[in-house]
Amino acid sequence: MQKKRAVITAVDHYVPDKVLSNFDLEKIVDTTDEWIRTRTGIRERRILEHGATSDMAAEAARRVLANRGLTANDIDVIIVATVTPDMFFPSTSCLVQDKIGAKNAWGFDLSGACSGFLYALITGAQFIESGMHTRVLVIGADKMSTITDYADRNNCILFGDAAAAVLLEPSENMSEGILDSILRSDGSGGKYLYMKGGGSLNPPTHETVDKGWHYLYQDGKSVFKVAVIGMADVSAEIMKRNNLTGKDIDWLVPHQANLRIIDATAERMELDKSRVMINIDKYGNTTAATVPLCLSEWWKAGKLKKGQTIVLATFGAGYTWGSALVKWSAEDAKV
């Protein structure tokens, strides 16, 4: 059987209309625009006022299909990476499948926090490369505003809502598509970034609600220290094992958690900042949506072009982290 490579053939995204700026947050908690910008690089983020994660994910999916000239019935698998599912079950992927009318598709959710999209992308690629399926829709979507405590000045400034998606298809050209990946996890980091309530350990009660256990908790300093090292190390590692230098990389596509983490990763890769995708200033941290959101924006702007070499890099709760080496294969956008 002819070997196949999983390639990204289409990308798109959805962000809500409502903007929550740093100046808006100044009215809610004890913070300032300058304090937020200098420490995180964030100026504003988007908030979904009505609807759920599946609504954003479904819209991103519809746009990807339109870009590729396909119908929902052409999709074999839907993988939704999210930590804010509409509900525990049915899965968000099933809700998306119904909303877009993908009657021939099966699907599942994947929980990898801020590394969720990367985990889902590499998982989806296995279906393509094994020959089991020919069209896999991979979606990163999170409505972080639903698990953010807007009385917590350290964390409420960070997160926003968004969804973005890519379509994976097979190619016989082994020099394009998803060329390599490194995925890691370390459960000992779980105590530094988590949501304590809602699961089987602490099911919902008046007490868990009163204690704020249904909001995310983050020890920012501890997470920052590990994320700076982890995301930079794994990006450098994937370059080294593929005999690449910073000169060979057209774009670094980093998870958008903190501008200082992004800068440290680019520096480790010896990559000029002009070749780093950064939109954290507009959207904040949208968790599983950050990486595909960058891909979509740069593709739509005509800056991400067919044949370019890109490195995806993430770090998130779990801890989870990883990198992927990709030769971009979607046709250039009509700008």
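Before I began, I noted that the radius of gyration is taken over C-alpha atoms, and that the globule rule is 2.2 Å times the number of residues to the power 0.38. I also noted that this is a predicted model.

Entry on overall form. For 335 residues the rule puts a compact globule near 20 Å, and because the protein chain has a radius of gyration of 19 Å, I wrote that the two agree. I then looked up the box that the C-alpha atoms fill along the principal axes, which is roughly 60 × 45 × 40 Å. In secondary structure I found 10 helices and 13 strands.

Entry on the interior and the surface. I found that 55% of the 335 residues count as buried, and that, of the contacts with a separation of 6 or more, 76% are between residues 24 or more positions apart. The accessible surface is about 14,500 Å², and carbon and sulfur atoms hold 51% of it. For charge, I noted 38 positive and 41 negative side chains, with the centres of the two sets 3 Å apart.

Entry on strand E7. Why is strand E7 largely enclosed by the rest of the structure? I wrote that 10 of the 11 residues of this strand, residues 161-171, are buried, so the rest of the structure largely encloses it. Strand E1 (residues 5-14) runs antiparallel to E7 and is joined to it by 9 bridges; within this pairing I looked up valine 7, whose bridge partner in E7 is glutamate 169. Strand E6 (residues 136-143) is also antiparallel to E7, with 8 bridges between them, and there glycine 140 has alanine 164 of E7 as its bridge partner.

How values were computed: Residues numbered from 1 in each chain as written. Predicted model: local features only at pLDDT ≥ 70, side-chain atom pairs only at ≥ 80, totals over all residues. Heavy atoms only, no water. Helix = DSSP H or I, 4+ residues; strand = E, 2+ residues; numbered from the N terminus. Buried < 20%, exposed > 50% of the residue type's maximum accessible area, 1.4 Å probe, protein only. Contact = heavy atoms within 4.5 Å. Areas by Shrake-Rupley, 256 points an atom, 1.4 Å probe, with all protein chains shown as cover. Lys, Arg positive; Asp, Glu negative; His and termini not counted. Charge placed at Lys NZ, Arg CZ, Asp CG, Glu CD. Pairing = 2+ DSSP bridges.
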